[in-house]
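Open the model in your viewer and keep the sequence panel beside it. We will go from stop to stop, selecting a few pieces at a time.

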Amino acid sequence: MTDETPQAPATSPADQRVRVLLAEDQGMVREALAALLGLEGDIEVVAQVARGDEVVAAALAHRVQVAVLDIEMPGMTGIEAAALLKRQSPQTKVVIATTFGRPGYLRRAMEAGADAFLVKDAPAAELAEAVRRVLRGERVIDPTLAAAALAEGANPLTGRELDVLAAAADGAVNAEIAGRLHLSEGTVRNYLSMAIQKTAARNRAEAVRIAREKGWM
């Protein structure tokens, strides 16, 4: 009778593929990205969601290694989803792929723990390569956007000033903003005044526009 060493089960090619989640609210864009990534022999899109608040649950359920997130989605932004995912699953890599190449978005994404930041007009091969590179522990940032972020400088607005600007974005008056944020009307006026001053805007509407264009909110 001879001893036989147990053999480890063979690993299939599918087991070796990078498991990717795509979060994008535009169905046609999401399907196109999934199809392009699916052409890569070492990448498999195992989950797709259309809302930011579905990212974490889907990532955990499908044991994804890399989450590719858009920024502007219903339910939760990609940046907010990235921060939440990193808290609950620190080993999961996050790639932000957005149409809006705004320096402020880049800074906020990096602060949220994103491992890569790309704009969607980049070639599909760059997204696939970014997926591979973040798994190797690298950080991948669009070089043009990185230079713009350095030139732009940090966001001068405080968190509370941003809260008040966001509340004012739909045309709400000071009393309404105060009620939503549990502040006095005088405090709201002060925050709005500071936000207008810091953005060099003429009024609150212009301050909102500037903050959005720069990716600060």
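Start by selecting Val20 and Val45: Val20 stands opposite Val45, which belongs to strand β2. Helices (H or I, at least four residues) and strands (E, at least two) are DSSP runs, numbered from the N terminus.

Before moving on, a word on what you are looking at. This is a predicted model, in which local features need pLDDT of at least 70 and side-chain atom pairs count only at pLDDT 80 or more, while totals for chains, interfaces and linings use all residues. Residues are numbered from 1 along each chain as its sequence is written, and side-chain values use heavy atoms, with hydrogens and water left out.

**The sheet.** Now select β1 (residues 18-23) together with β2; these two pair in the parallel sense over six bridges. Two strands pair if DSSP finds at least two bridges between them.

Axes are lines fitted to C-alpha atoms, for helices over the stretch in contact, and angles run from 0 to 180 degrees between N-to-C directions. Contact means heavy atoms within 4.5 Å.

**Two crossing helices.** Select α7 (residues 159-168) and α9 (residues 185-199), which pack at an angle of about 95 degrees with their axes 9 Å apart. The two helices are therefore roughly perpendicular to each other (65 to 115 degrees counts as roughly perpendicular). Show side chains, including Val164 and Leu165 in α7 and Tyr191 and Leu192 in α9, which take part in the meeting of the two helices.

**A residue in α10.** Select Val208, found in helix α10 (residues 204-213). Is Val208 buried or exposed? At 7% relative accessibility, Val208 counts as buried (under 20% relative accessible area, with a 1.4 Å probe and protein chains only). Leaving aside neighbours within four places in sequence, Val208 is in contact with Leu165, Ala169 and Met217.

**Last stop: confidence.** Colour by pLDDT, the predictor's confidence in each residue, from 0 to 100. The protein averages 86, and 89% of the residues score at least 70. Over residues 8-13, however, the pLDDT is below 50. Where pLDDT is low, the predicted coordinates should not be read in detail.

Terms used
Angles under 35 degrees count as roughly parallel, over 145 as roughly antiparallel, 65 to 115 as roughly perpendicular and the rest as oblique. Buried means under 20% relative accessible area, exposed over 50%, partly exposed in between (1.4 Å probe, protein chains only).
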